Amino acid sequence: MNSELLIKDLLKQEENEQLEFKEVVRKDAIGKTICGFLNNNGGQLLIGVTNNKEIRGVDDADKICTDIELYLLEEIVPEAPVMVSVEIYKDKKLLLLKVWEGSKQPYIFKGSIYYRRSDKTIQASSREISELIHKRQETEIHWERQAALGVKLEDLDIEELEKTFETMRFDLKLKSEKFEPREFLSHYGLYQDGNFTNAAVLLFANHPTRFIPQARVRIAFLTKGKTGDVYEDDRLLEGNIFKNRIAILDFFDKHLHLRRKFDYNDWTREDDYEIPMKALREGVMNSLVHREYSSPSSALSILVYPDKVEISNTGKSPYKQKELLKSHLSMPYNPDIAHIVFLRGLIEKIGRGTIMIADECKIAGLKAPVWDIGHQTVKLTFFRDIKTEGVVEGVVEGAIEGAIEGAFKGATKGVKEKLTKLLKAIVIYEGKRVPDYTLITDLKGSSMERYIRQLRDGGLIEYKGDASHTGGYYLTGYMNRLLDAYDLLYRYKISKEELDIVKMLAMGLVLSDISKKLNLRVSSIEKVIASLKSKFNASNSTQLIKILSDVKLI
């Protein structure tokens with residue numbers, strides 16, 4: 001959801017226990033409101049909007065955004081994760097502050113405890129303070145805060161701890177700038193009364209399943225067999241949250257297809273996975289962070305099917321699918337874990353992750369992802385698009401057909417059609433093996449090896465990898481250059497004659513010589529050059545030659 005839609009959604013609402021509007025930036029008032037949100041159920045504060053919802057905007061919003069973040073970090077005790085962002089609405093910059101319900105209530109701002117009653121921020125009464133303290137005591141016995149017995153400092157991944165410390169150093173209020181594991185973990189409630197907590201183990205232990213067996217993660221790649229699904233690659237991960245994240249993303253890298261994408265702003269080709277990696281990363285981190293680890297039967301599985309990817313975990317969601325696709329406040333099941341991962345920058349802004357996932361899939365042209373919310377489980381399903389029809393643009397079709405015609409002049413029409421179909425699949429999904437391309441193209445396996453060999457002999461594809469079960473097929477440099485050149489020719493409607501003019505300029509010919517060779521007037525050649533410079537945003541002929549040379553058009 002972009003800024004316009006997000007703010008529009010907030011403006012439809014009236015101020016309430018979890019939403020407030022402010023016209024101007026006043027740090028003291030902001031601190032009181034955020035403190036009140038932390039001591040209640042969390043909330044959102046939108047600055048630059050009057051009580052009547054008139055948009056005034058915030059001057060120098062980017063600088064103020066950073067100032068407020070640091071101010072709240074210093075003035076609110078204990079430390080809490082506050083997300084401050086600059087949002088654009090009707091060409092004006094607004095500030096949006098979001099906080100979860102605090103896990104260490106009561107929170108204090110400048111010596112006072114504030115609370116939310118309806119749409120007002122007030123100083124908490126003695127009864128409310130007593131309730132907050134009681135809630136804090138209940139929170140302290142939450143499973144992630146309980147001691148993980150038998151865990152020693154040497155059981156922790158010191159390298160991961162140091163990496164976290166370096167990433168978050170500017171957020172810390174530690175007594176020393178020198179890294180000291182116990183002090184660092186104590187600061188975030190992960191080391192209490194001489195014991196490391198369950199959350200500390202899940203985040204930083206070298207082998208967390210020694211102490212919490214249900215922390216394992218299953219990842220598997222399934223294909224369709226004659227009698228049902230076949231597990232081709234099935235693994236159990238037993239690392240900490242950060243190590244498991246890397247292993248899962250590497251698994252996606254192995255088993256998901258790449259799609260070609262050309263960036264016409266900087267003339268480079270940027271590939272992404274068939275399911276956007278940004279969306280997958282967020283889905284994975286949500287499952288790792290919000291999983292209910294306390295149950296001995298807790299589970300998290302990530303299954304890659306030919307037509308979908310399922311991420312399932314034990315846990316509860318306070319929201320239904322429709323609510324997840326609107327601006328909402330995140331309610332982390334494991335606030336200590338969520339706090340560390342948020343500060344590490346590994347999950348999206350508070351309440352925005354599910355929206356981003358849906359937006360990324362929409363941009364990629366995929367079917368909308370589905371969240372299946374059960375009583376004790378949450379399953380996120382991404383849908384794949386493994387067929388080539390409708391994916392390859394006409395320009396790429398032309399490049400492929402041109403390459404096949406050039407490399408296999410004597411082949412029959414039927415063979416050329418099959419080679420074209422296979423090459424299309426490799427263009428879209430590079431790095432896969434014969435079984436994958438058999439599934440994608442529906443070509444018979446008995447002939448697939450022969451077609452692969454012909455494309456290799458024709459200089460259009462090559463095999464990369466140390467062994468047959470670890471490598472895959474990729475386009476050659478020649479085929480990549482051909483595709484990019486065809487793409488540019490099509491996109492900018494460049495004729496062969498126009499290219500010939502630039503080639504001759506590159507050879508050092510003057511306009512009169514080019515005129516004689518191509519039988520064109522000098523004035524016509526000058527118009528062509530001016531048009532090309534405009535298309536490619538080139539300031540002069542030298543820059544134009546370099547651009548077309550860089551993308552292998554001349």
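This is a predicted model: local features need pLDDT of at least 70, side-chain atom pairs count only at pLDDT 80 or more; totals for chains, interfaces and linings use all residues.
Residues are numbered from 1 along each chain as its sequence is written, and side-chain values use heavy atoms, with hydrogens and water left out.

Me: What makes up the secondary structure of the chain?
Reply: The chain comes to 21 helices and 22 strands. Helices (H or I, at least four residues) and strands (E, at least two) are DSSP runs, numbered from the N terminus.

Me: Why is Gln-44 called buried?
Reply: Buried means under 20% relative accessible area, exposed over 50%, and partly exposed in between (1.4 Å probe, protein chains only). Gln-44 has 7% relative accessibility and therefore counts as buried. This residue lies in strand β2. Buried residues make up 51% of the 554 residues in the chain.

Me: Why is Lys-110 called partly exposed?
Reply: The relative accessible area of Lys-110 is 48%, so the residue is partly exposed. Lys-110 lies in the loop between β6 (108–109) and β7 (112–117).

Me: What makes the pair Gln-44 and Lys-98 a polar contact?
Reply: A polar contact is a pair of N or O atoms within 3.5 Å; within protein, one must be able to donate a hydrogen and the other to accept it, and residues adjacent in sequence count only if both atoms are side-chain atoms. The side chains of Gln-44 and Lys-98 make such a contact at 3.5 Å.

Me: Why are α14 and α15 called roughly perpendicular?
Reply: Angles under 35 degrees count as roughly parallel, over 145 as roughly antiparallel, 65 to 115 as roughly perpendicular and the rest as oblique. Helix α14 (residues 413–428) and helix α15 (residues 434–441) pack at about 115°, with their axes 10 Å apart; axes are lines fitted to C-alpha atoms, for helices over the stretch in contact, and angles run from 0 to 180 degrees between N-to-C directions. The two helices are therefore roughly perpendicular to each other.

Me: Which residues of α14 and α15 meet?
Reply: Lys-421, Leu-422, Ala-425 and Ile-426 in α14 meet Tyr-437, Ile-440 and Thr-441 in α15, where contact means heavy atoms within 4.5 Å.
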